[in-house]
Amino acid sequence: MCANPVRVLGNQETTGVECVKMSMCDLDDTGRPAPSIVKGSHFTIDADIFIEAIGQDTNPLLISELNGIVRGKRGTIIVDEDGRTALRHVYAGGDVATGAATVILAMGAAKKAAFAIDRMLREECT
Ligand SMILES: Cc1cc2nc3c(=O)[nH]c(=O)nc-3n(C[C@H](O)[C@H](O)[C@H](O)COP(=O)(O)OP(=O)(O)OC[C@H]3O[C@@H](n4cnc5c(N)ncnc54)[C@H](O)[C@@H]3O)c2cc1C
């Protein structure tokens with residue numbers, strides 16, 4: 001079953017989680033299945049602990065420590081097509097540059113950046 005938690009129940013202490021069933025029938029603009037709420041399907045699960053175990057935001061620590069990095073609207077690092085940031089010798093790729101995306105895009109960005117870093121080092125060392 002496809003479900004999504006929508007509310008943690010309880011006042012001082014957690015007593016449960018309200019969920020709603022999701023259907024994956026609709027396709028988005030790119031043809032990818034998009035989840036949609038099944039109307040009237042809310043249900044609760046009794047629980048005394050709720051652990052949020054996924055995150056799709058980038059760790060702000062690294063970015064805040066790097067002076068000179070240019071950040072996009074959603075807190076991402078702005079890079080050129082080779083993953084080059086505004087900070088000399090610093091490259092970025094993957095979710096930190098695109099926002100939440102996919103493994104294959106992150107791997108592709110890493111490969112492009114690796115080639116660009118190699119080119120840069122060869123130029124600077126000759
Ligand atoms: C629930 C969920 C399901 C997903 N399912 C899919 C899927 O089915 N298919 C798919 O293609 N993609 C999926 N994705 C997306 C995919 O996981 C990401 O796009 C991908 O992992 C991005 O790779 P990345 O290397 O850019 O970032 P990450 O994989 O997030 O790697 C970043 C790494 O940097 C480390 N880090 C952060 N801050 C610091 C710091 N200050 N110092 C040192 N290290 C640090 C983190 O611990 C982490 O190991 C899913 C994502 C989520 C959250």
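Reader: Why is Arg119 called partly exposed in this predicted model?

Author: Arg119 has 40% relative accessibility. Buried means under 20%, exposed means over 50%, and partly exposed is in between. So Arg119 counts as partly exposed.

Reader: What makes Asp82 and Arg119 a salt bridge?

Author: Their closest N and O atoms are 3.3 Å apart. The cut-off is a side-chain nitrogen of Lys or Arg within 4 Å of a carboxyl oxygen of Asp or Glu. Because 3.3 Å meets that limit, the pair is a salt bridge. Side chains of opposite charge can pair when their charged atoms come close.

Reader: Why is this pair said to tie parts of the chain together?

Author: Asp82 lies in the loop between α1 (60-65) and α2 (95-98), and Arg119 lies in helix α3, so the pair ties together parts that are 37 residues apart in sequence.

Reader: Is Asp82 itself buried or exposed?

Author: Asp82 has 17% relative accessibility. The limit for buried is under 20%. Therefore Asp82 counts as buried.

Reader: Which residues are linked with Asp82 and Arg119 in a network of salt bridges?

Author: Asp80 and Arg84 join Asp82 and Arg119 in that network. The structure holds six salt bridges.

Reader: How do you know that Arg88 and Glu124 form a salt bridge?

Author: The closest N and O atoms of Arg88 and Glu124 are 3.4 Å apart. The limit is within 4 Å, so the pair qualifies. Arg88 sits in the loop between α1 and α2, and Glu124 in helix α3, 36 residues apart.

Reader: Why do Arg88 and Glu124 get their accessibility labels?

Author: Arg88 has 63% relative accessibility, and the limit for exposed is over 50%, so Arg88 counts as exposed. Glu124 has 43%, between the 20% and 50% limits, so Glu124 counts as partly exposed.

Reader: What makes Arg7 and Glu18 a salt bridge?

Author: Their side chains meet at 2.6 Å, N to O. That falls within 4 Å, so the term applies. The pair links Arg7 in strand β1 to Glu18 in strand β2, eleven residues apart. The 2.6 Å contact between these side chains is a polar contact too. For that term the limit is within 3.5 Å.

Reader: What makes Met107 exposed?

Author: Met107 has 52% relative accessibility. Exposed means over 50%, so Met107 counts as exposed. Met107 lies in helix α3 (residues 103-124). Together with Val103, Ile104 and Leu105, Met107 forms a nonpolar patch on the surface. The patch has about 450 Å² of accessible area.

Reader: What kinds of residue make up the shell around the ligand?

Author: The shell divides into five nonpolar, four polar and one charged. Among the surrounding residues are Ile54, Gln56, Asn59 and Leu62.

Notes:
Residues are numbered from 1 along each chain as its sequence is written. This is a predicted model: local features need pLDDT of at least 70, side-chain atom pairs count only at pLDDT 80 or more; totals for chains, interfaces and linings use all residues. Side-chain values use heavy atoms; hydrogens and water are left out. Patches are made of residues with over 30% relative accessible area and no salt bridge: like charges are joined within 9 Å, nonpolar side chains (Val, Leu, Ile, Met, Phe, Trp, Tyr) within 5 Å. Accessible areas come from the Shrake-Rupley method with a 1.4 Å probe; for residues, only the protein chains shown count as cover. Helices (H or I, at least four residues) and strands (E, at least two) are DSSP runs, numbered from the N terminus. Buried means under 20% relative accessible area, exposed over 50%, partly exposed in between (1.4 Å probe, protein chains only). A residue is near a molecule or strand if one of its heavy atoms lies within 4 Å of it. Ala, Val, Leu, Ile, Met, Phe, Trp, Tyr, Cys and Pro count as nonpolar, Asp, Glu, Lys and Arg as charged, and the others, Gly among them, as polar. A polar contact is a pair of N or O atoms within 3.5 Å; within protein, one must be able to donate a hydrogen and the other to accept it, and residues adjacent in sequence count only if both atoms are side-chain atoms.
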